[in-house]
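Okay, everyone, thanks for coming.

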Amino acid sequence: MIIGLTGPNAAGKGEAARFLEAKGFHYLSLSDVIREELQKAGRPVTRENLIQMGRRLRAQFGNDYLARRILEQLEADKNYVIDSIRHPDEVRALRSRGNFRLVSVNADPRVRFERIKARARESDPQDFDNFLRLEQEEATRRHSEGQDLVNTMALADVTLANNGSLEDLHGELARIVQTWASELDRPSWDEYFMGMARMASLRANCLKRKVGAVIVRDRRVVSTGYNGTPRGTRNCYEGGCPRCNSLADSGTRLDECLCSHAEENAITQAAYHGVSVKDGILYTTYSPCLTCTKMIINAGIREVVYNQAYPLSETAFNLLKEAGVSCRRLQVEKAAL
């Protein structure tokens, strides 16, 4: 889950972020990207300098630059709270990641000014008129690269009015997190196992193609395989297969190839360890060749799910159909890995 925070100064975004951090969310801030640039430039980190540097970075690299810098840091298995979102293009960039929700935290101007006085930061405005002037600068942009809180806040999935106690704010945040947690996108079983097959393909030692396979029974992985030279021989990329190392054209000299295919290795590994694959489902990153197809049929595998079609696959598809083995394509985008 990725929760973004936007809203005016002293509305309570920091308190919201601290609450979510305490619940296991990893904290990131778009303002930290700006602070890094100010430090590189040898400039003090003041509110006005942050606004000016943010404007400069957006003008030079695009209005979504700060968000793109943050996206580079995200890992798929972590929950995040992202603070200091101040431009609509930043919201659009973050939404591209999936499972992103934007929370707008707001409070009455007088309430926020009293909070600013209470925290007594040197760089904060000291009188209400100056506070309102800075608010106006942030609220709407005079240039495309300027902050645009009004339109950013309008994109929020939820708006919290934080005029009360911290307990009220925390209670609302807890309710929101519980609601959104039930709506999270999870990979289907097919996507889950195909993702494992794609990961297995990264272990392939063949120079020509990287293929991975996973055999599943009752939603449990019983065997995996990837293509490469046989056990106890030199890896293909170390010169183990003359055909692959001579960079033979695709589809030629297959009788000279010493590499075993991923599906073949998954089946033989199961046999090696005495594990039955009967009635299993084989997930493979490429549809099986004719040789692997015959092994799949004779091993009793009941279904083949593949990501990409192998170039020489028509005869294999026909044979699977004749043998009553179900075969279907599940195309998984590269970005999902």
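So, look just past helix α13: glycine 300 sits there with a positive phi of about 85 degrees. Keep in mind as we go that this is a predicted model.

Now back up into the helix itself. α13 covers residues 290-299, and Cys292, Thr293 and Ile296 are buried in it. If you look down the axis of α13, those buried residues fall within an arc of 105 degrees, so they line one face of the helix.

Okay, on to the open sheet. We've got 5 strands here, pairing parallel, and the order reads β2-β3-β1-β4-β5. At the edges are β2 (26-29) and β5 (158-161); each has a single partner strand, so one side of each is left without a neighbour in the sheet. From one strand to the next, the twist averages 25 degrees.

Zoom in on β1 and β3. β1, residues 2-6, pairs with β3, residues 80-83, in the parallel sense over 3 bridges. Isoleucine 2 stands opposite tyrosine 80 in β3. Lying across β3 and β4 (100-106) is helix α5, residues 88-95, which runs at about 145 degrees to β4.

Last stop, and it's still in β1: threonine 6. Is threonine 6 buried or exposed? Its relative accessible area is 0%, and buried here means under 20%, so threonine 6 counts as buried. What does a polar atom of the threonine 6 side chain have at 2.6 Å? That would be the backbone oxygen of isoleucine 85. Ile85 also turns up among the residues that threonine 6 touches, and so do Lys13, Leu102, Val103, Ser104, Val105, Leu149, Thr152 and Met153, leaving aside residues up to four places away in sequence.

That's my tour, so over to you.

Terms used. Residues are numbered from 1 along each chain as its sequence is written. This is a predicted model: local features need pLDDT of at least 70, side-chain atom pairs count only at pLDDT 80 or more; totals for chains, interfaces and linings use all residues. Side-chain values use heavy atoms; hydrogens and water are left out. Buried means under 20% relative accessible area, exposed over 50%, partly exposed in between (1.4 Å probe, protein chains only). Helices (H or I, at least four residues) and strands (E, at least two) are DSSP runs, numbered from the N terminus. The arc is that of the directions from the helix axis to the C-beta atoms. Two strands pair if DSSP finds at least two bridges between them. Axes are lines fitted to C-alpha atoms, for helices over the stretch in contact, and angles run from 0 to 180 degrees between N-to-C directions. Contact means heavy atoms within 4.5 Å. A polar contact is a pair of N or O atoms within 3.5 Å; within protein, one must be able to donate a hydrogen and the other to accept it, and residues adjacent in sequence count only if both atoms are side-chain atoms.
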